[in-house]
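Trainee: Please take me slowly through the backbone of the loops in this model, and explain the terms as you go.

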Amino acid sequence: MDHSHERKGVFITFEGSEGCGKTRQVAELDKYLQQQGYPVLVIREPGGTTIGDQIRGILLDFKNAEMCFRTETLLFQASRAQLVDQVILPYLHEGGVILGDRYADSTLAYQGYGRQLDLEQVKSLVAFATGGLKPDLTMLLDVDVEVGLQRRAGGGGWNRLDNQALAFYKRVRQGYLNLAQADPERWAIIDAGQPLEQVQAAIQQVVMHKLGEKGIAPTPNRSSSG
Ligand code: TYD
């Protein structure tokens with residue numbers, strides 16, 4: 001099923017491997033767009049709904065070390081399906097701007113390229129989970145794997161999914177680059193090795209262009225009335 005006909009808003013996703021600074025950049029962009037008066041909603045995967053947050057707990061828990069890759073893949077899709085129906089589609093229908101801190105491409109990069117599961121099968125599962133909903137724009141925050149992992153280690157918050165070999169993260173990064181190169185209309189590759197302000201400036205430039213293209217305007221008085 002293709003939900004694209006129901007959409008008035010714009011769906012922008014942020015992708016990248018560990019330590020690319022995605023979450024921080026999304027928060028900065030959220031602040032910037034809110035100040036301009038745009039209706040913005042930030043979502044995070046896995047999670048973002050009551051059911052999704054419970055699934056997130058299962059996915060990240062160290063106690064679940066025996067989890068096989070197919071189970072992992074399916075749990076991510078279950079969380080995502082709930083998020084699409086409960087949060088994303090209704091908000092897009094209202095004409096809002098959604099900033100996704102990870103979405104479907106994370107599964108292609110991590111489970112497809114990283115875990116080396118059959119890419120075509122993984123793509124079918126993702127299509128099923130999303131009901132065919134694709135982002136209007138996807139920003140790849142690309143950073144050297146070693147640099148990213150060092151940043152991440154400095155920031156703490158290690159979990160089961162971080163506990164992977166270096167080779168895994170190299171495949172994830174290359175997977176993202178392959179996906180971006182295959183669909184340059186949707187993807188923008190940002191050099192996330194730059195200083196934070198430069199990364200943010202590059203993101204804002206691409207995002208504002210997309211909002212203009214889609215005819216999304218700030219809501220009058222929104223920034224002052226809250
Ligand atoms: P999180 O702590 O949110 O990571 P980050 O801050 O890097 O986004 O944990 C999410 C982890 O889940 C991260 O290692 C990427 C992984 N992931 C997948 O493997 N597949 C997916 O479909 C998604 C959404 C995330």
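Mentor: A residue is called buried when its relative accessible area is under 20%, exposed when that area is over 50%, and partly exposed in between, with a 1.4 Å probe and protein chains only. The model is a predicted one, in which local features need pLDDT of at least 70 and side-chain atom pairs count only at pLDDT 80 or more, while totals for chains, interfaces and linings use all residues. Residues are numbered from 1 along each chain as its sequence is written, and side-chain values use heavy atoms, with hydrogens and water left out.

Helices (H or I, at least four residues) and strands (E, at least two) are DSSP runs numbered from the N terminus. Most residues other than glycine have a negative phi, and most peptide bonds are trans. With that background, begin at the loop that joins strand E2 (40–44) to helix H2 (50–60), where Pro 46 lies; the peptide bond leading from Glu 45 into Pro 46 is cis, with omega near -10 degrees.

Next, go to the loop between strand E3 (97–101) and H4, where you will find Arg 102. Although Arg 102 is not a glycine, its phi is positive, at about 80 degrees, and Arg 102 counts as buried because its relative accessibility is 14%.

Finally, follow the chain to the loop between H4 and H5, which holds Gln 116. Gln 116 is not a glycine either, yet has a positive phi of about 60 degrees; its relative accessibility is 56%, so Gln 116 counts as exposed.
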